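Trainee: I would like a close look at a single part of this protein. Please take me through it step by step.

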Amino acid sequence: SCYDNCMVAMLAIDLHKTTLYSPFAKKDITVTKAFYSDLIYTHFWSGEYFFDDLDKKEYVAGDAQVSPLILGLIEDEKEIKSMIASVEKNELCSPLPLRYTKERSLATFIPQEWVFFRNYEGDTSWSHMGLLWIKAIQKHNPELAQQYTQAYAKHIETQKAFCEVVTTSGKPFSTPFYYCDRTMLWAANYLTL
């Protein structure tokens, strides 16, 4: 997935800055942000947004947009605006940023997810990604970032909690086997907005 590759990029770049052992430190690999940025673009950029994974299905996934942006792997303002527009067009910030996908049926998951956690990573909003998304777009579209921040404030006041996962109806995500965490430490990220 794009997200997984971005996490590898972050790990490789961070390890390269230390004296710790790095499996990425090979003679044929130049460990730089530009190197990984090129890889992400080559394999995941659609021309408007980042594909979720190497299958390159025609849907916009929230984690595939926030990861390259928050890590600084995408810097071209025109492309960033295109990506933000794709997120908006696909309603990935409703009711809160950031939903995994617009529709549950677009992404495929392991069978256990279908049985025990149906829609856990479907069209639900994830607060940790949402706050990263807001932080990432603040300098590119401050008005939109402010709207998102206000939506979180209203949700926190309504729920009297900071929920991990939120359904499209704005309720905390739950199944017979799982109920989302309502006391996430990720709330600290909200204070940095």
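At what angle do helix α1 and helix α3 pack, and how far apart are their axes?

Mentor: This is a predicted model, so every value here is computed from it. Two packed helices are described by the angle between their axes and by the distance between those axes. Helix α1 covers residues 2–16 and helix α3 covers residues 62–70. Their packing angle is about 20 degrees, and the axes lie 8 Å apart. Angles under 35 degrees count as roughly parallel, which means that α1 is roughly parallel to α3. The crossing of these two helices, α1 and α3, is left-handed.

Next come the residues that touch. From α1, the contact is made by C2, Y3, C6 and M7. From α3, the partners are D63, A64, S67 and P68. Sorted by class, the contact of α1 with α3 has six nonpolar residues, one polar residue and one charged residue.

Now place this pair in the whole protein. There are eight helices and four strands. Read from the N terminus, the elements run α-α-α-α-α-β-α-α-β-β-β-α. Take the contacts between residues at least 6 apart in sequence: 58% of them join residues at least 24 apart. As for burial, 44% of the 193 residues in the protein are buried. The protein exposes about 10,500 Å², and carbon and sulfur atoms supply 57% of that area.

To return to the part you asked about: α1 and α3 pack at about 20 degrees with axes 8 Å apart, and their crossing is left-handed.

Definitions and conventions. Residues numbered from 1 in each chain as written. Predicted model: local features only at pLDDT ≥ 70, side-chain atom pairs only at ≥ 80, totals over all residues. Heavy atoms only, no water. Axes fitted to C-alpha atoms, helices over the stretch in contact; angles between N-to-C directions. Parallel < 35°, antiparallel > 145°, perpendicular 65-115°, else oblique. Left-handed = near helix turned anticlockwise from the far one by under 90°. Contact = heavy atoms within 4.5 Å. Nonpolar A, V, L, I, M, F, W, Y, C, P; charged D, E, K, R; others polar. Buried < 20%, exposed > 50% of the residue type's maximum accessible area, 1.4 Å probe, protein only. Areas by Shrake-Rupley, 256 points an atom, 1.4 Å probe, with all protein chains shown as cover.
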